[in-house]
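Subject: Structure for your files

Dear colleague,

Here is the structure you will be working with. Please open it first; my notes on it follow below.

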Amino acid sequence: GLLVAIYDIYGNTEMIMFERLNPAALVGAINELKPDCISVVPSLLTTLMKKIQAGINDQPMKKLLVNSLLGFCGFMRENFGLNLGRKLLKFLNKKAFGGNLIEFRIGGSPCDEATMRFFLNMGIDVNLAYGLTELGAPLAATGRGYYPGGTGKVLRHRDDLDIRIVNPDERGRGEVEVL
């Protein structure tokens with residue numbers, strides 16, 4: 001997380017780090033701060049999704065509306081590249097995150113596909129980064145608008161590094177190797 005923060009500082013952004021915060025207190029703090037980007041581990045992202053879902057599940061009509069909008073917005077974004085969730089589900093973003101959130105940056109472990117789809121459909125990008133701990137900086141990332149099942153990209157790096165996929169499967173996915 002600290003290395004992601006260094007990139008944020010370099011980009012002249014304000015950064016706030018939380019430690020030992022329970023999920024309920026974190027949601028309150030996020031709503032008050034109204035961030036545009038949050039760097040988290042995947043398990044926390046899943047917890048945030050579950051808290052949002054719990055807030056809509058107690059009202060059947062609201063649940064039907066939100067789930068219908070999520071499905072429609074996801075279909076339009078994944079198939080046509082239109083991020084309608086950012087506008088049509090802004091009320092959900094506002095209630096959960098203060099209304100300004102456009103991106104989650106995550107690393108540390110794989111993210112659950114359902115969690116990624118939920119936030120992507122909501123209009124919030126989920127950017128997975130690889131190589132944070134072992135190498136000191138992300139070398140590969142999915143980028144904005146990535147849906148599970150697609151492919152990511154290799155980030156710009158020094159010319160003397162060779163980054164390749166070892167033993168790719170039929171979709172081109174495999175282990176990232178850096179030489």
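Of the 179 residues in the protein, 36% count as buried. Please keep in mind that this is a predicted model. The accessible surface amounts to about 11100 Å², and carbon and sulfur atoms account for 55% of that. The protein has 8 helices and 7 strands. Taking contacts between residues at least 6 apart in sequence, 50% of them join residues at least 24 apart.

Two helix pairs

General point before the details: a pair of packed helices is described by the angle between the two axes and by the distance between them.

The pair I looked at to begin with is α3, residues 42-57, with α6, residues 90-97. Their axes come within 11 Å and cross at roughly 115 degrees. An angle from 65 to 115 degrees counts as roughly perpendicular, so α3 is roughly perpendicular to α6. The crossing of α3 and α6 is right-handed. On the α3 side the contact involves Leu48, Ile52 and Ile56, which meet Leu92, Ala96 and Phe97 of α6. Sorted by class, this contact between α3 and α6 has 6 nonpolar residues, with no polar and no charged ones.

The other pair is α4 (residues 60-80) with α7 (residues 113-121). Here the axes lie 8 Å apart and the packing angle is about 90 degrees. These two helices are therefore also described as roughly perpendicular to each other. From α4, the contact uses Leu70, Cys73, Gly74, Arg77 and Glu78; from α7, it uses Arg117, Phe118, Leu120 and Asn121. By class, the contact of α4 with α7 comprises 4 nonpolar, 2 polar and 3 charged residues.

A residue in α6

Helix α6 also holds Asn93. Is Asn93 buried or exposed? Its relative accessibility is 7%, and the cut-off for buried is under 20%, so Asn93 counts as buried. Leaving aside residues up to four places away in sequence, Asn93 touches Gly98, Gly99, Asn100, Leu101, Met122 and Ile124.

Residues in loops

Which backbone value stands against Lys34 not being a glycine? Lys34 has a positive phi, about 55 degrees, although it is not a glycine. Lys34 sits in the loop that runs between α2 (23-33) and β1 (37-40). With a relative accessibility of 41%, Lys34 counts as partly exposed.

Asn167 likewise is not a glycine, yet has a positive phi, in this case about 50 degrees. The loop between β6 (163-166) and β7 (175-178) is where Asn167 is found. Asn167 has a relative accessibility of 69% and therefore counts as exposed, the cut-off for that class being over 50%.

Ser109 is placed in the loop between β2 (103-106) and α7, the helix that packs with α4. At 40% relative accessibility, Ser109 counts as partly exposed. How far apart are the C-alpha atoms of Ser109 and Leu128? They are separated by 9.1 Å, while the two residues are 19 residues apart along the chain.

That is what I have for now.

Regards

Definitions and conventions
Residues are numbered from 1 along each chain as its sequence is written. This is a predicted model: local features need pLDDT of at least 70, side-chain atom pairs count only at pLDDT 80 or more; totals for chains, interfaces and linings use all residues. Side-chain values use heavy atoms; hydrogens and water are left out. Axes are lines fitted to C-alpha atoms, for helices over the stretch in contact, and angles run from 0 to 180 degrees between N-to-C directions. Helices (H or I, at least four residues) and strands (E, at least two) are DSSP runs, numbered from the N terminus. Angles under 35 degrees count as roughly parallel, over 145 as roughly antiparallel, 65 to 115 as roughly perpendicular and the rest as oblique. A crossing is left-handed if the near helix is turned anticlockwise from the far one by less than a right angle, and right-handed if clockwise. Contact means heavy atoms within 4.5 Å. Ala, Val, Leu, Ile, Met, Phe, Trp, Tyr, Cys and Pro count as nonpolar, Asp, Glu, Lys and Arg as charged, and the others, Gly among them, as polar. Buried means under 20% relative accessible area, exposed over 50%, partly exposed in between (1.4 Å probe, protein chains only). Accessible areas come from the Shrake-Rupley method with a 1.4 Å probe; for residues, only the protein chains shown count as cover.
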